[in-house]
Amino acid sequence: MNWGGRGGYHALEPSANGHSPRDASLQFHGINAAFLQSERREAAQRCSAPMSPKEMQELTRPRGYVPHIAFSGQQEQTPGGPSMEVMQRVHALDVHLLEDVQSLLDRISGVGNPPPTCCSRCLKCLCGCCCCCTGWSRLLRLGVIANIAPYICFFVLYSLLVTYYAEQQEWEVVWTAVKQDAIYYPAVILAFLLCFRASGCIDRYNDGMRAVQTMEAALRDVSFEVMTQLGMQTAAQDDEDQPTFRLKKRYFQHEFRRLHRLLFSCAARDLLNSALDGAEHEDDQAEDLPILATKVEIAAVLLTGSSSGHAFRVYLVTSWLLNLVKGADEAKFFDQPDVVPKSVARNLERFKAAWLDARQIAFTSMPGTVTYTLWWLTTVMSLFMPWEWVSICQWSTWFPSVLLTISFYGILDIANSMENPFGFDTHDVQLSQVGRSLDEEVLLSMQYSLLDEVAGENLFRAAIGTSMLFPNEDGLDVSALDRWLKSRMLGRPEGPSLNPWTTVTSVAAPSSPEYHTPGGGLW
């Protein structure tokens, strides 16, 4: 693998067979199964690991304490550079990264789908014919009606009983619209109160959506700023220090991606906890936002949370991410000193401000006495209205009663469901999907951040003294790539002529050899 470069740029093509490239990558890079097993065993102490289901459940009910943390000395390194354990760890992370990027590219390009057959073509035609029916089926979904079905059944039965009683009285009922319509005025006022309640809940839903969008935009800016500002050169490093410098830079990228995902996962889970009402996550809900953390980090984030009224967890992980970037700036990883940490700090402040707005929406609601009063007024109105209609509608009284029930109780149900936009229902904000999109954004930034410098005509680039760029039409020399990677693994880097990725056509010497990345990209 190439430990240098700004974003570790390595263009990938969709896999030919659509299979996961993990097994082939492990064999290609010389990683055996024994090392992976040992890596998993050591992950609990030295490396990060996915949080267990029990620890996921504890995010809902924090521990309230942090175990004793022992500080150990730094691990001794070999005289020639970092320890073999560090090199293997970074290499394993690169393999995982390539697997994730390959899966993303395969999903985007549609590789791996079975080739079309006669049956599949017929099925596609049949699906096309059913598109019209599908459009109508969307209009025929029950939706809110399914939630208020018990109310509908009760008031239909109640209306039939009222109609039967009125028939026994020869349709002469005291509370009837023929004799007085005083009930209509309270009904109008109740309808206004219900609409006011629904309007306020819709505003809260929109505010929650805007807060999540601001959180997402802030973290996207953080990831792109960090990955595109990683220096192409190794600053003022000696030749013998360059491999170590590049290895540290590559490890920083993986740590940044992990803490970036940890930050959003902790923030999202604190918002989702507002919909649990003291209950625990189900297994599938707990796995929607996976978290990779060390044992010490898990102990820290389980100290407290928003369910206890605290914002400490999100602030803590934010400081971890900012300190990581500051450390990279001190190590001269970035092109411009002191610029990236300030930009990251500003965007993280945006993130925290938006998260606090979303948290206020998630953990506040209209007082229960108000919603309970509205429910009682709606019930009383629905009980009185059949007496108003029975003398006129007679045995059809159940129909306007159903319409009234759907209108009033439907508005109440919609308002209650939209009051908190964060939860696990289908109409709630899908924070898990936002988290996956953010992680994919970081993946693309790590692999393709160098593409921010490829814009411009080659004549203009030659005029200002920069390298000209050409797409690769001949493909990749896999044998050269294999030799170069094996030389990297053995610690004997070969000359630039054997590296198929690093050099491009020079402006000063346009006839010099061209080297390109796999898939036609540029390293």
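Helices α8 (149–168) and α16 (398–419) each supply at least two residues of a nonpolar patch, which lies on the surface of this predicted model. The protein has 523 residues, of which 42% count as buried, and its secondary structure comes to 19 helices and two strands.

**The nonpolar patch**
- The patch is formed by L160, Y164, W395, W398, F399 and L403, which together have about 610 Å² of accessible area.
- Helix α16 gives the most to this patch, contributing three residues.
- W398 has its place in helix α16, and it counts as partly exposed because its relative accessibility is 37%, a value between the 20% and 50% cut-offs.

**The whole chain**
- The accessible surface of the protein comes to about 28200 Å², and carbon and sulfur atoms account for 60% of that area.

**Helix α17**
- Helix α17 covers residues 431–448, and at 1.5 Å a residue its 18 residues should span 26 Å, which agrees with the 25 Å that separates its end C-alpha atoms.
- Of the 18 residues of α17, 13 are buried, so this helix is largely enclosed by the rest of the structure.

**Two loop residues with positive phi**
- Most residues other than glycine have a negative phi.
- K332, which is not a glycine, has a positive phi near 65 degrees; this residue lies in the loop between α13 (312–330) and α14, and it counts as exposed because its relative accessibility is 52%.
- Q394 is likewise not a glycine and has a positive phi of about 55 degrees; its place is the loop between α15 (368–393) and α16, where it is partly exposed with a relative accessible area of 32%.

**Confidence of the prediction**
- The mean pLDDT of the protein is 75, while 67% of the residues reach 70 or more.
- Confidence is highest in helix α14 (residues 339–362), at a mean of 94, and lowest in helix α1 (residues 22–29), at a mean of 42.
- Over residues 1–10 the pLDDT is below 50, and this stretch has 58 contacts in the model beyond near neighbours in sequence.
- Over residues 18–33 the pLDDT is also below 50, and here the model has 26 contacts beyond near neighbours in sequence.

Notes:
Residues are numbered from 1 along each chain as its sequence is written. This is a predicted model: local features need pLDDT of at least 70, side-chain atom pairs count only at pLDDT 80 or more; totals for chains, interfaces and linings use all residues. Side-chain values use heavy atoms; hydrogens and water are left out. Helices (H or I, at least four residues) and strands (E, at least two) are DSSP runs, numbered from the N terminus. Buried means under 20% relative accessible area, exposed over 50%, partly exposed in between (1.4 Å probe, protein chains only). Accessible areas come from the Shrake-Rupley method with a 1.4 Å probe; for residues, only the protein chains shown count as cover. The expected span of a helix is 1.5 Å times one less than its number of residues. pLDDT is the predictor's confidence in each residue, from 0 to 100. Contact means heavy atoms within 4.5 Å. Patches are made of residues with over 30% relative accessible area and no salt bridge: like charges are joined within 9 Å, nonpolar side chains (Val, Leu, Ile, Met, Phe, Trp, Tyr) within 5 Å. A salt bridge is a side-chain nitrogen of Lys or Arg within 4 Å of a carboxyl oxygen of Asp or Glu.
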